[in-house]
Amino acid sequence: MNPMEQVVNQVLANQSISTTSPSEPRVCPHCEEVVSVIEQVIFGKKRFIQPVCECEAKARDEEVIANAKYQEQRKLREMFSISDLGERFDEATFEKFKPTPGAENALKFSKRFVNEFDTELWKGLALMLWGNPGNGKSLLAASVANALESKGKTVVFISMPNLLQKIRSTFNGNNKESENEIMKALHACDLLVIDDIGAEKVTDWVEDVIFRIVDGRYTRKKPIFVTSNLNPEELGAKIGARSMDRLTEMCQSIHNKATSYRKVIAQQRLKALLDN
C-alpha cells in the first residue's frame, strides 16, 4: 500500500494524522492495549498516524448499527404511535391474566411463543387465537406484545378495524402518513399483532389490503400474531382464500375454549356489590 492509499484509509477509519508525535501513547479503552503510532513520509514530510485499535473500531461500528436500529424502531413507533393497546391493555401481562377454564392452551402457547421467539422453531411463525368474544384473546395478545417489547422487539399491536381506518385516513391529502409508510411499518416490525381480524366489513378493497399485509409478512418470513372471534373456516370465508392460506402456514391455530371473560368479571363485580 503506497503512502497516499494509507492516508486515505486512515482518514476513512477516523484515525488521526498529525505532523507531531503524540506525547502520550494511545491506550485502547476496551482492551487497554497500547496502540503504537505509525510514522510515514508523505510528500517529503514526516507524518504521524495514530491508528484505532481493532476492538475500538468494532465497538464504534456496533454503536453505529445499534443507533441505526434504534432510530428505525423509533420511527416505527412514531409512525404508529406504536400502540393501539390503550389503557386497558397497555399494562397487560401474563401474571395479571386470570384464565377461565378452557384458556389453558392459549395461555401456555402464548408464553412459549414469547420465550422461544428468537429460536428457529418459531422463525416466521406465530399464533392464531380464536374463540368466543370476550374470553381473553386480546389480553393474551397484548401480554405477548408487552413482553416482547420489554425485550427490545419492535411490536405493532392494532385491531383490524382500526388498522383499516388508519389506512383509509391516508386518502386525505392532509394526512401526515402515507399508505406506503404504514405498510412499511407493518412489514418491518419484529412482530405484527392483529387483534379481532374478521370483525371488519369485507369489500374487495379490504380483502386486497389484508392480503398485502399478510403476503408482505409472509415473503419476509416475519410473524403475525392474530386473534379472531371466528373459527378458521369462517375466517377464511371472510378475508379470502389467499390470505387465509398464508395465515394457515404462518400461524399455529389455538382454540381458546373459555367462556366470556367479561361475563366472569361482571359476575364477580355483582357478587362484590351484593356482599357489601
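Student: How much space lies in the second largest pocket?
Tutor: In this predicted model, about 230 Å³ of space lies in the second largest pocket.

Student: And which residues lie nearest its centre?
Tutor: Of the 13 residues that line the second largest pocket, Phe117, Lys123, Gly124, Lys221 and Pro223 lie nearest its centre.

Student: What is the lining like by class?
Tutor: The lining of the second largest pocket has eight charged residues, together with three nonpolar and two polar ones.

Student: Let's switch to the open sheet of five strands; what order do the strands have?
Tutor: The order is β7-β8-β9-β6-β10, and the pairing is parallel. At the edges stand β7 (155-159) and β10 (251-256), each of which has a single partner strand, so one side of each is left without a neighbour in the sheet. On average, and with direction ignored, neighbouring strands of this sheet are turned by 15° against each other.

Student: How many bridges join β7 and β8?
Tutor: Strand β8 (residues 191-195) pairs with β7 over five bridges in the parallel sense, and within that pairing Val156 stands opposite Leu192 in β8.

Student: Which strands does helix α4 touch when it packs on that sheet?
Tutor: Helix α4 (residues 104-115) touches β6 (126-131), β8, β9 (224-228) and β10, and the direction of α4 makes about 160° with that of β6. Helix α6 packs on the sheet as well, touching β7 and β8, with a direction that makes about 95° with that of β7.

Student: Staying with α6, what angle does it make with α8?
Tutor: Helix α6 (residues 160-169) and helix α8 (residues 204-219) pack at an angle of about 100°, and their axes are 11 Å apart. The two helices, α6 and α8, are therefore roughly perpendicular to each other.

Student: Which residues meet there?
Tutor: On the α6 side, Met160, Leu163, Leu164, Ile167 and Arg168 take part, and they meet Trp205, Val206, Val209, Ile210 and Ile213 in α8. By class, this contact of α6 with α8 has nine nonpolar residues and one charged residue, with no polar ones.

Student: What about α9 and α10, how far apart are their axes?
Tutor: The axes of helix α9 (residues 232-239) and helix α10 (residues 241-250) are 7 Å apart, and the helices pack at an angle of about 140°.

Student: Last topic, the hairpin: how many residues lie between β4 and β5?
Tutor: Two residues lie between β4 and β5 in the hairpin, and Phe43 in the turn has a positive phi of about 55°. Strand β4 (residues 38-42) and strand β5 (residues 45-50) pair in the antiparallel sense over five bridges, and the bridge partner of Ile38 is Ile49 in β5.

Key. Residues numbered from 1 in each chain as written. Predicted model: local features only at pLDDT ≥ 70, side-chain atom pairs only at ≥ 80, totals over all residues. Heavy atoms only, no water. Axes fitted to C-alpha atoms, helices over the stretch in contact; angles between N-to-C directions. Helix = DSSP H or I, 4+ residues; strand = E, 2+ residues; numbered from the N terminus. Parallel < 35°, antiparallel > 145°, perpendicular 65-115°, else oblique. Contact = heavy atoms within 4.5 Å. Nonpolar A, V, L, I, M, F, W, Y, C, P; charged D, E, K, R; others polar. 1 Å grid on protein atoms, 1.4 Å probe; cavity = no way out; pocket = protein on both sides within 12 Å on 5 of 7 lines; lining within 4 Å. Points joined across faces, edges and corners; volume = space filled by probe spheres on them. Pairing = 2+ DSSP bridges.
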